[in-house]
Amino acid sequence: MIFTAIGVGIYSTVIILVVAPIVRYLLLRCSSSCTVELDAKTLFITAHPDDECMFFAPSVLALTAHNRKNAFLLCLSEGNYYGGGDTRRKELQKSAQILGLLPDHVAVVDDRELQDGPDQHWPTRVITKHLLTAVKKHGIQRIITFDSHGVSTHPNHTAICNTVMELCKEQQLKSAGIKQVLLLKTTNVVRKYSTFLDLPRSRCSRLHVVSSLSQYTTARKAMFAHASQCHWYRMLYITFSRYLLANTYDVVE
């Protein structure tokens with residue numbers, strides 16, 4: 001255990017002192033890029049507190065920078081898998097503020113049928129209820145959420161996508177005024193942890209959002225707002241994940 005702790009400490013130090021400055025230098029040579037239309041009222045639908053910055057930060061930041069009145073967030077659980085749901089809700093509020101979301105544009109659901117956990121089945125009817133309520137309340141025109149792999153294959157993530165796809169099939173979203181549905185592409189593990197190295201390929205995607213260095217720094221700051229989740233492996237994610245830098249999407253036709 002001692003040697004493991006020492007190894008982790010040395011590895012983290014190398015990342016902080018060597019890798020991070022290199023990443024920062026290369027990012028200085030990058031500029032933001034966005035092919036996603038920014039004028040539509042957009043609802044980001046996530047499963048847990050920290051999803052908004054862990055996976056969707058580039059898109060949220062692009063929208064709030066353009067017109068923060070058009071960006072909304074619906075988080076379908078408090079992230080209470082290990083307890084501490086109240087803490088995580090407050091952390092989400094801090095993160096959302098850093099990302100530029102207005103306080104009354106952020107909703108966190110506490111529903112006994114939508115509890116955080118890989119072993120928890122999220123019923124389509126319950127997700128539908130909360131989703132359509134938010135859409136109608138704010139006059140939402142576009143939904144952005146996970147694809148069928150959920151980036152991390154988490155069942156709560158994929159349950160959202162399955163529900164959205166079902167609603168699209170039944171034309172319920174169209175009837176509610178939704179004009180577009182975008183699904184965040186899940187990449188392979190190499191691309192997922194390639195940070196800036198994945199940017200050229202991300203830019204080639206028809207629908208993409210690539211952050212500037214300033215936006216990337218803000219995304220990292222939002223991640224650190226989730227203090228209860230800042231374990232050593234999360235630090236590695238913050239350092240290497242391309243999702244803090246770029247989002248690429250598939251559109252549901």
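Predicted model: local features only at pLDDT ≥ 70, side-chain atom pairs only at ≥ 80, totals over all residues.
Eight strands form an open sheet, and their order across it is 1-7-8-6-5-2-3-4, with mixed pairing. At the edges are strand 1 (33-34) and strand 4 (106-108), each of which pairs on one side only. Strand 1 is joined by two bridges to strand 7 (residues 208-210), and the two run antiparallel; within this pairing, Ser-33 has Val-210 of strand 7 as its bridge partner.

Helix 5 (residues 124-138) packs on this sheet, where it touches strand 2 (42-46), strand 3 (71-75) and strand 5 (142-146), and its direction makes about 160° with that of strand 3. The length of the helix can be checked in a simple way: at 1.5 Å a residue, its 15 residues should span 21 Å, and because the end C-alpha atoms are 21 Å apart, the expectation and the model agree. The residues of helix 5 that are buried are Val-126, Ile-127, Thr-128, His-130, Leu-131, Leu-132, Ala-134, Val-135 and His-138. Just after the helix comes Gly-139, which takes a positive phi of about 65°.

The aromatic residues give a second way into the structure, since a pair of aromatic rings is described by the distance of the centres and the angle of the planes. Seven aromatic pairs are found when the whole structure is searched. One of them is formed by Tyr-193 and Tyr-237, an edge-to-face pair with 6.1 Å centre to centre and 85° between the planes. This pair links distant parts of the chain, for Tyr-193 lies in the loop between helix 8 (189-192) and helix 9 (199-203), whereas Tyr-237 belongs to helix 11 (residues 232-240), 44 residues apart. Tyr-193 has a relative accessible area of 35% and is therefore partly exposed, while Tyr-237, at 5%, is buried. Trp-232 and Tyr-233 also form an edge-to-face pair, with 5.9 Å centre to centre and 80° between the planes; Tyr-233 counts as partly exposed because its relative accessibility is 45%.

Tyr-193 and Tyr-237 also belong to one aromatic cluster, together with Phe-44, Phe-55, Phe-56, Phe-146 and Tyr-243. Over the face of Tyr-243 lies Arg-242, at 4.7 Å from the ring centre.

Definitions and conventions: Residues numbered from 1 in each chain as written. Heavy atoms only, no water. Pairing = 2+ DSSP bridges. Helix = DSSP H or I, 4+ residues; strand = E, 2+ residues; numbered from the N terminus. Contact = heavy atoms within 4.5 Å. Axes fitted to C-alpha atoms, helices over the stretch in contact; angles between N-to-C directions. Expected span 1.5 Å × (residues − 1). Buried < 20%, exposed > 50% of the residue type's maximum accessible area, 1.4 Å probe, protein only. Phe/Tyr/Trp six-rings, centres within 6.5 Å; stacked < 30°, edge-to-face > 60°. Lys NZ or Arg CZ within 6 Å of the ring centre and 35° of its normal.
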